[in-house]
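Trainee: I have a structure to go through, and I want to understand the words used for it. Can we take them one by one?

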Amino acid sequence: MNSSLDLAPYAAHPVTSRGRRFPEPSPTYRSEYQRDRDRIVHSAAFRRLEYKTQVFVNHEGDMFRTRLTHSIEVAQIGRSIARVLRLNEDLVEAIALAHDVGHTPFGHAGQDALNHCMSTHGGFEHNLQSLRVVDDLEEKYAEFPGLNLTFETREGILKHCSPRKAVELGEVGLRFLDKQQPGLEAQLANLADEIAYNNHDVDDGLRAGLIDVAQLCEVTAFREQYEIVKNTYPDLPERRTIHEVVRRMINRQVVNLVETSRTRLAAAAPTDIDAVRAWATPLIGFSDAMRTQNLELKQFLRRELYQHYRVRRMTTKAGRVISELFEVFMNDPRLLPPEPAHNTQVLEEAQGTAGRARAVADYIAGMTDRYAIKEYNRLLDPLQLT
Ligand code: MG
């Protein structure tokens, strides 16, 4: 942790925090943002990230990233950059570790399927769901619902939001209506996420044999580093070569983000976090050249990896699991286990069918990949009657 004395004036500082929804005494030996991080680490939603995936289904292999290891990588990248820029490391870490807790099982396929199921009931968006998890769904503490995190952590979790939803969310949604920026720690966590997933998808995609080095050499960011590594270490085995390339790609992006952001911060010289929020554009960012390279890499991954026929087979199946589970529970909530059944009853009494749908979506979104498959088999496999 960096001590409060090391923080830049424009960093988030516990003293100027907008506080928690339910006021609490300050912790004795930790900062407010350390407490946020600790509550996230102790949440059930965080633990379940171990068995949730982004691109690959969890049981496909033990070598691939899960959402848990992804979140740890985001925290690592975010904290390194925060320390150089004298931003609040604890806050960046809290946002990074929480940013994916609202994700459905089966990555984007699961989210798209659940959003489709919820289209007439207010939709489903994993980013909003992450906020819902920390605000409402984690019920652990005697004094308040949810984890009662600070405004700054919640602001960082809510990366995007439609104006309609923003109105419903109150204070944390205001910036989407006022066209303001979030704090620098939130801006940073968002880009650390981008660095982490672009690069680990290259690594995992190669490991899975879905893309190969020759294809990746079409992508400038990869090719440049690959050529350097090949020239420097011509006899290095393939696996080590790839790791060396990916590590250099990450390093280049991190260095670029540090240097570009530092220059922008020096020019803008915001006096505090509110000046950061009022600034017309984000102050944390890549250079234009790096953004172009990242975009090229992203487009490559979308085309060659996320749309690969083997990935599509998996995501189509995953989408079907989600849709059928939703339909079964919507038609007969008596099939739900006691806790989600209770939540469904409460939400349905308050909001009718939309409430029932929301509670079913909460239950499904909370599932891990393997739990969703088990529930599917228990409910829909006619041969499995036990
Ligand atoms: Mg992420």
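Trainee: What makes helix H10 mostly covered?
Mentor: Count its buried residues. This is a predicted model, and in it 21 of the 24 residues of H10 are buried. So H10 is called mostly covered.

Trainee: How do you know that the span of H10 is close to the expected one?
Mentor: H10 has 24 residues. The expected span is 1.5 Å times one less than that number, which gives 34 Å. From its first C-alpha to its last, H10 reaches 34 Å.

Trainee: What comes just after H10?
Mentor: Gly209, with a positive phi of about 75°.

Trainee: Why is Asp193 called buried?
Mentor: Buried means under 20% relative accessible area. Asp193 has 6%, so it is buried.

Trainee: What makes Asp193 a donor of the magnesium ion?
Mentor: Distance. A donor atom, N, O or S, must be within 2.8 Å of this metal. The protein donors are His70 (NE2), His99 (NE2) and Asp193 (OD), and they lie 2.1 to 2.3 Å from the ion. Therefore they pass the cut-off. Along the chain their spacing reads H-x28-H-x93-D.

Trainee: How do you know that His99 and Asp193 link distant parts of the chain?
Mentor: They are 94 residues apart. His99 sits in the loop between helix H4 (89-98) and helix H5 (107-117), while Asp193 is in helix H10 (residues 184-207). His99 is also buried, because its relative accessibility is 5%, under the 20% limit.

Trainee: Why is Phe106 called buried, but Arg86 partly exposed?
Mentor: Phe106, in the loop between H4 and H5, has 6% relative accessibility, so it counts as buried. Arg86, in the loop between helix H3 (67-85) and H4, has 40%.

Trainee: What is the phi of each?
Mentor: Phi is near 60° for Arg86 and near 65° for Phe106. Both values are positive, in residues other than glycine.

Trainee: How do you know that Ile40 is buried?
Mentor: Its relative accessible area is 1%, and the limit is 20%. So Ile40, in helix H1 (residues 32-41), is buried.

Trainee: Which residues is Ile40 in contact with, leaving aside neighbours within four places in sequence?
Mentor: Contact means heavy atoms within 4.5 Å. The residues are Phe46, Ala94, Leu97, Ala98, Leu147, Leu149 and Thr153.

Terms used: Residues numbered from 1 in each chain as written. Predicted model: local features only at pLDDT ≥ 70, side-chain atom pairs only at ≥ 80, totals over all residues. Heavy atoms only, no water. Donors = N, O, S within 2.8 Å, 3.2 Å for Na, K, Ca; no water. Helix = DSSP H or I, 4+ residues; strand = E, 2+ residues; numbered from the N terminus. Buried < 20%, exposed > 50% of the residue type's maximum accessible area, 1.4 Å probe, protein only.
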